[in-house]
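Hi,

Here is the structure I promised to pass on. Have a look at it first, and then read my notes below.

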Amino acid sequence: MKLIKLSSIALCLVLTSCFGSSTLGESSAVTLVQSSALPAPTRADQMSASRPYLIGPFDKLKIDVFGIEDLQKNVQIDASGRLSFPLIGVVEASGTTPGELAEIIEMKLRGRFVRDPQVTVNLQETFSQLVTVDGQVSRPGLYPVVGRMTLMRAVATAGGVGEFAKLSDVVIFRSVDGNKLAGLYNLKGIRRGNYEDPEVFANDVIVVGDSQARRLFRDIIEGSSLITTPLIILTR
């Protein structure tokens, strides 16, 4: 079976348009997406909840203005995505990268307060960019996504799979451009190198070894081999 890689959700073809079938799984609102991977969420998807990391509410940052001790501050983003900084007041920070925020602060300081400000912004702690890992793992919960995280790494962060977890029963739920998608993966297939360890993003929900999540795929699982490729569906 030829694997089709997607760069956008707009390129997805649902099974109903290709084969005339309107019912998959337990709901007529579930359709198979002809893709070998879940598409990455857009910047807007990430802001509504990162690559590159996007600052969000309650994140803790360290801001340094080189050479000015009074402008070296530890700050926390408020619930509305703003921060308050000496001399320049309130700054809209949510949805920016640390580098972009540093440029905004430099622009506001330059000329009026500091001749040539050099600002660095470093993330100290994140409360907004999180992935949920649930099901048959040692430590279910919310885990921060900083840098690139994959499915295997997320499961490992949650303490690894439980003793009775089904490695062929791992689902990633994701929203992209307002569409809800789910991907069914086989950890054994990934470990064997049969297909790539998929990247996970903030706001993803990973469910390991939970038959309830797998029910979405019930009617299409029999003719598919998760050892060689995952299954991706679009729900609505």
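A quick definition to start: helices (H or I, at least four residues) and strands (E, at least two) are DSSP runs, numbered from the N terminus. Keep in mind that this is a predicted model, where local features need pLDDT of at least 70, side-chain atom pairs count only at pLDDT 80 or more, and totals for chains, interfaces and linings use all residues. Residues are numbered from 1 along each chain as its sequence is written, and side-chain values use heavy atoms, with hydrogens and water left out.

On to Pro140, which sits in the loop between strand 7 (130-135) and strand 8 (141-144). Its relative accessible area is 45%, so Pro140 is partly exposed (buried means under 20%, exposed over 50%, partly exposed in between, with a 1.4 Å probe and protein chains only). Leaving aside neighbours within four places in sequence, Pro140 is in contact (heavy atoms within 4.5 Å) with Val133, Asp134 and Gly135. Ala158 is 18 residues away from Pro140 along the chain, yet their C-alpha atoms are separated by 6.0 Å.

Next, Glu125, which you'll find in strand 6 (residues 119-125). Glu125 counts as partly exposed because its relative accessibility is 37%. Again leaving aside neighbours within four places in sequence, Glu125 is in contact with Asp59 and Lys60. From Glu125 to Val146 it's 21 residues in sequence and 9.7 Å in space, C-alpha to C-alpha.

As for the whole protein chain, there are six helices and 14 strands, and 45% of the 236 residues count as buried.

Cheers
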